[in-house]
Structure formats: C-alpha cells, structure tokens
Amino acid sequence: MVFRKPPDGGWGWVIVIVSFFTQFLCYGSPLAVGVLYLEWLDAFGEGKGKTAWVGSLANGIGLLASPVCSICVSSFGARPVAIFSGFMVAGGLMMSSFAPNIYFLYVSYGIVVGLGCGLLYTATVTITCQYFDKRRGLALGLISTGSSVGLFIYAALQRELIELYGLDGCLLIVGALSLNILACGSLMRPLESSSSPPPEKTCVDVVPDQYFVYHEKEKTVEENISILEKGYIDEKCVNNVPDCKQDSILNKNVLSSININEKDTYKKKVVEQTNFCKQLAKRKWQLYLTYWKETMVLFKNKVFSALFVAILLFDIGGFPPSLLMEDVARSANISEDDYYMPLISIIGIMTTVGKLVLGILADFKWVNTLYLYVTTLIMTGVALFAIPFAKSYLTLAMLSGILGFLTGNWSIFPYVTTKTVGIEKLTHAYGILMFFAGLGNSLGPPIVGWFYDWTQEYDTAFYFSGFCVLLGGFLLLLAALPCWNACANQSSKLPPNTYSYKVASNA
C-alpha cells in the first residue's frame, strides 16, 4: 500500500472533526463514571474499593492494551477498527444496563468498553497523523479535547438521564448515542494513492503451477505422480481404447524417467522452505532480543526511570478524584441545593483549559518542559492534601478546577518523553510509559476506595494519594537536577549507551 504525502488539510479536517466526536462519544461515559459510581454503590451494596474497579478498568484497560491496539490498527486500518470498536463501546454500555452484579460490570463496562475506547483512541491518533505533518500538533490537540469535552457534558447528561429514566435507562440511552461512532468511523477514509502500481509478484507467486501440485491437500510426491499418471491413462483410454494398454506402458516409462528429477526438485524446495523458516525464526528472536536490550538501555537513563515511577504514582494518586469527587461531596453532607454544577463537569472543562494552556507554555523557548511537568505534579499533590479540609461545595469546586487544570499535563507528556530519550526512541519509550500509566489508572481508585472501607472516611485516602504524587514529582526533580551532568562530565569512563539529561531552554 502506497500512501500519498500528508495533505495537511482538505479531507484531513473532516478526519479531525470525526476523531473529535469519536473521542467525545467513547470517552464521555468512562471519564464521567463518577456519576454512575454513586448509583452502583446504592444498587449493589458493595464496598467502595470493589465498586471503583469498574471505572478504573474502563479507563486503564485501553492503556494497558495499547500494544495490542496498535497491532490491530496497523493490520486492519483505522476505519474497520473504529467501526468494530463502536459496536464494542455501544454493546458494552447496553449490556451494563442488565448487569445483575458488580462482577458483570467488570466485564461489560470495565473490559469491553475500556478496550473499545483504547482501540478508538489508537485509530483516531493514527489516521490523524497520516493526514497531517506540519499541522500535526494542532490536529492532535484538537482531537484530544474531545474526551475532556465529553467528560464535561456526560457528567451532567448522565445525572439528568438517571433522574428521568433510572440507571438502566441511562446506560441504554448512552449506549445508543455511542452508535454514532459508526458514522464517524465510516468517514475515516484511508490515505492511499489511487494511482499506485500493482505490487510485483513475489518469489512464491512466480513459482510454476506444477510445483503447487505437490502441495495440494498436503500429498507426497509419489501420490501426486500417481494421480497424474492415472489421469493421463484414463484420458487415453477414453479417447482410444485399443491403444490404452500400449500408452499406459509408454507413459509409465516416461514418468519413471521424470520421477527422480521431480523428487529432487521437491526435496530442494522443502529444504529451501525449511531454511527460510529457520532464518525467519532467528530474525524474530533477534528482534525480541534487540527490543529488550533497548528497553534495558532506556532504564539506564535515570530521568526515564524517574519518569516511569512518576507517571505510575501520578495515576495512582491523581486519577481517583475524577471518579470519587462526587462521593466525596456526598460524604461531606453537602446539600443538593448548593450543587450548581457536577464536580466532574468542572474537572472536565478545566482539563481542556489545562491541555491548551500547558501546551502553549511548552512551545515557549524559555520554558523547560520537564520542570513544568514536575511543577504540575507537585501542585497536584498539594491540592490532593487539601481535599480533606474542604467541607463546602465552593471549596470542592475550586479544588476540582485546580486538579482538572493540572491533569492537562497529559498534553506536555510527549514533549517530556521526547526530551528525555530522543525522537528516535519516542515510540518505544512512550509505549512503556503508557502501559504503566494504565496500570496506575486501574489501581488508583480501588486503593482509595479500600482506604475508605478500612477507615470509613476519605481523609487518609487522599493523604495517601497526595503523598504518591508528591513522591513521584520530587523523584523526577531530583533525577533532572543539573548537578548530575557535572558529575557525568567529571567521570572519565561512561557506558557507551548511557543517556544523560541536559537541562535545556526548550523542548
């Protein structure tokens, strides 16, 4: 398949629009699952830790399965994957309305919806990158706001639908809305060259037809020769019965003379195929070894190792507020009359603002993106420590806005990764980091919920969350201090593939 040069416009803007709405429709409910979390607590009567697994799986399973999602999009294309994933998201949401217990929700909402979201995220990013080159950053920034806008709208929408139609009706309607992903996916036209020449025949295609006789129904050489012999004799017997015996004897003599050459040719082909399979297996094994060697080299970089710890701790501590903030407000006995807007909606709209503002700041030459990212981590930890002291809707709303804005640091995370490992290792390093981010998303809310089940209050849980985020931020700051470069310069012998982070003025 031959791809044209990215047009940086044209149909690409249609791709941006449908990708925006795809992320809006698929991530709206999972990100705003905090509204559903309250209803599931009342409906099933399970502990907060066990119930929190539903939302954490829906948001973390897509990141955990990111390698599988990438393989699917590379193998089948963005449009088929988007359409199939639309059925997964819609079907998972609709099945969740019939959930008899919390364990059913783990599969229907947590795994099915979560995996569908992961596939859709990979498909939208891939097709957008194919259509844009010079404006790729702008295009990716626009489609990434779809999930944040979905969080803002779905938080209020699901609350209203629950009041009107109940929890089951809400999930059915939200699932039906998700079917619009099919229309968006059908517009993801692949960027192919219409005048691409037909591919040249491979070595397998140009092999004579007589060779393929030997492979039909996995017969041996002797069986194939006997079939040819029998067919030739039968044809002669039908056309000229008196000469049947004479031709049969003659034909046997001819085939017996060819038999040895045919056997040698077949054996040679088998040997060639065996050697090819051995070489292919050896090459694959070498690729796996190279992958793990490169992974070990990445972890020799102290900043990358600190970044891996920081993203894991950040998602363990920083993700729970988007899921549990509504229950925090209910636990603080805040009156519904003071509830002007769902706290999750505030988190969603401020996340959009944070992505845009932090992304713009990262483009300034005088801003070091690593220190900017560390600042967001430390401020997030401080905000989490302040949640137990918030006893009114106003203070919780302010903290929700601050946490939402700081969560927008996802927009600068690729900048930080690129600065740390280099553009040539970005894909490898980013895949590893996203896996651990998904692990943190999956573990964070249940851990906080278990703390509540253990202490019957959220104070200890958010102290733990704040400590995790602060620890990750300070470890990353310590690893990136310029003094390490001075020590590295004084060292006379350095390992050949060891990286050192040099603090620069731009990303």
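What follows is a short chat about a predicted model.

Q: What does the secondary structure come to, helices or strands?
A: The protein has 20 helices and zero strands.

Q: And how much of the protein is buried?
A: Buried residues account for 45% of its 507 residues.

Q: Which share of the contacts joins residues at least 24 apart in sequence?
A: The figure is 83%, taken among contacts between residues at least 6 apart.

Q: Switching to Ser97. Where is Ser97 found?
A: Ser97 sits in the loop between α5 (78–96) and α6 (102–131).

Q: Is Ser97 buried or exposed there?
A: Ser97 counts as buried, because its relative accessibility is 5% and the cut-off for buried is under 20%.

Q: What does Ser97 touch?
A: Leaving out residues up to four places away in sequence, Ser97 touches Asp168, Leu171 and Leu172.

Q: Now α3. Where does α3 bend?
A: At Leu57, by about 40 degrees.

Q: How does the span of α3 compare with what its 17 residues should give?
A: At 1.5 Å a residue, helix α3 (residues 48–64) should span 24 Å, and its end C-alpha atoms are 23 Å apart, which agrees.

Q: Why call α3 largely enclosed?
A: Because 13 of its 17 residues are buried, α3 is largely enclosed by the rest of the structure.

Notes
Residues numbered from 1 in each chain as written. Predicted model: local features only at pLDDT ≥ 70, side-chain atom pairs only at ≥ 80, totals over all residues. Heavy atoms only, no water. Helix = DSSP H or I, 4+ residues; strand = E, 2+ residues; numbered from the N terminus. Buried < 20%, exposed > 50% of the residue type's maximum accessible area, 1.4 Å probe, protein only. Contact = heavy atoms within 4.5 Å. Expected span 1.5 Å × (residues − 1). Bend = angle between axes of the 7 residues up to and from the residue.
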